[in-house]
Amino acid sequence: MIKIKRRRKKRNPFYDASLKKRHKSAKRFKRFTLTSLIFSVAFLAFFLFDMTTKAIPAFNIAYIKVDVSFNEKSLEDTRFAVSKEYRALVSRVALRDIPNILKENPEYLNSTQSLWLLANSQVDQYLKNHNNTLKDKEIALVEELKNNNLIENRFNTLFFINGDSKIPENAGFFSSIIGSILTLIITMAVAFPIGVMTAIYLEEFASDNKFTRFIEININNLAAIPSILFGLLGLAIFINLFGLPRSSPLVGGLTLALMTLPIIIVSSRAALRAVPDSIRQAGYGLGLNKIQVTKDHVLPLAFPGIMTGSIIGLAQAMGETAPLIIIGMIAFIPDAPNMITSAATVMPAQIFTWAGMPEGMYIEKTAAGILVLLSILISLNAVAIYLRKKFEVKW
């Protein structure tokens with residue numbers, strides 16, 4: 001037999017045996033990251049869907065049309081202005097408002113008028129098919145009013161013009177919105193100039209020594225510590241030491257300024273560092289000193305990045321609750337503050353308060369408050385992205 005020798009296939013000297021294994025590992029990693037992304041998006045979509053479905057009912061509220069008697073007896077005790085059978089369906093707020101209605105319409109005196117009055121929370125919850133405590137007799141009366149078109153849902157303007165209230169149907173978000181605005185004005189008025197000036201000094205003027213490095217390390221560490229510690233610091237310094245009014249936008253703004261300062265400093269330094277050294281060298285070549293180069297050339301070019309970082313810091317401060325709880329900004333505030341030293345609350349604290357209420361109507365108001373807060377935060381982040389894209393300078 002003739003033996004045929006098989007020619008051995010020459011091995012490629014550049015062939016790597018682990019290449020196939022690395023390709024498989026890369027594919028697994030790609031699938032893992034894609035799965036994580038899909039899971040995150042799905043969770044976010046579920047959260048927003050659940051929150052929106054719970055919040056939408058809060059933007060509608062029930063009103064009923066009943067006969068209101070304007071006479072001496074009803075003005076002494078407004079409960080007698082409405083017949084006994086409808087009294088259990090009408091909100092206490094509407095009954096209290098009867099003297100004001102008569103003041104605006106003096107011709108109603110000694111007469112009976114059919115008026116639309118705010119229904120109480122239990123009627124509102126019944127119409128929305130939520131849990132309620134209405135009795136069978138009251139349910140039958142509500143159904144009768146529905147059949148006669150004497151009950152309807154209207155847009156809940158009270159949510160946007162009222163402050164907090166122990167009466168669920170009268171509770172609104174207005175006072176917390178004003179409190180947040182005043183607090184954030186104080187925060188940015190303090191944190192922005194100090195943070196930007198600190199960043200300019202550390203990046204442009206400070207020499208590289210142990211003291212400067214020590215400050216930089218501490219600034220970076222402050223940006224990562226729990227926010228509740230800033231609340232304790234605000235309580236110790238601004239309230240106990242300086243005696244500033246508790247639960248006021250002034251104290252809240254100063255406390256949040258301490259928390260926001262490291263974020264503004266770090267983002268501002270990054271923006272200044274992104275400006276090429278050739279800009280500085282060109283300024284020096286024209287005979288400008290360091291202050292003129294920084295003020296007239298470096299800072300204007302870095303300003304878009306500084307603004308973006310500051311807006312993101314502002315958005316983070318707006319969503320904070322823990323430090324403001326420590327300084328008392330979770331109090332019951334029915335009226336909007338008109339001064340920075342008045343008692344106030346903020347949107348996250350108001351949401352936290354409503355979440356602990358037992359009445360069912362506060363659940364939808366909690367979701368509506370979260371939706372309003374999320375809308376503002378998303379808007380601020382969108383503004384930051386827009387400013388960055390619009391004024392960004394590419395080198």
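D77 is partly exposed, at 23% relative accessibility. Here buried means under 20% relative accessible area, exposed means over 50%, and partly exposed lies in between (1.4 Å probe, protein chains only). The model is predicted, so local features need pLDDT of at least 70 and side-chain atom pairs pLDDT 80 or more, while totals for chains, interfaces and linings use all residues. Residues are numbered from 1 along each chain as its sequence is written, and side-chain values use heavy atoms, without hydrogens and water.

The side chain of D77 meets that of R79 in a salt bridge, at 2.8 Å from N to O. A salt bridge is a side-chain nitrogen of Lys or Arg within 4 Å of a carboxyl oxygen of Asp or Glu. Side chains of opposite charge can pair when their charged atoms come close. R79 is partly exposed, at 47% relative accessibility. The count of salt bridges comes to 12.

R213 and D208 form another of these pairs, with their closest N and O atoms 3.0 Å apart. R213 is partly exposed, at 38%. D208 is exposed, at 65%. Salt bridges with shared partners also join E203, E216, R269 and R273 into one network.

E203 lies in helix α9 and R273 in helix α12 (residues 249-273), so the pair ties together parts 70 residues apart in sequence. Helices (H or I, at least four residues) are DSSP runs, numbered from the N terminus. E203 has a relative accessible area of 22% and is partly exposed. R273 is also partly exposed, at 49%.

A cavity is a set of points on a 1 Å grid over the protein atoms alone, where a 1.4 Å probe fits but cannot get out; lining residues have an atom within 4 Å of a point. The count comes to one cavity of 30 Å³ or more. The largest cavity holds about 40 Å³ of space. Its lining includes S180, T183, L184 and E320. Helices α9 (174-205) and α14 (290-318) each give two or more residues to this lining.

On the surface, F39, F43, L44, F47 and L48 form a nonpolar patch, with about 520 Å² of accessible area together. Such a patch joins nonpolar side chains (Val, Leu, Ile, Met, Phe, Trp, Tyr) within 5 Å, from residues with over 30% relative accessible area and no salt bridge. Accessible areas come from the Shrake-Rupley method with a 1.4 Å probe. L48 lies in helix α1 (residues 19-55). At 36% relative accessibility, L48 is partly exposed.

Key
1 Å grid on protein atoms, 1.4 Å probe; cavity = no way out; pocket = protein on both sides within 12 Å on 5 of 7 lines; lining within 4 Å. Points joined across faces, edges and corners; volume = space filled by probe spheres on them. Patch = residues over 30% accessible without salt bridge, like charges linked within 9 Å, V, L, I, M, F, W, Y side chains within 5 Å.
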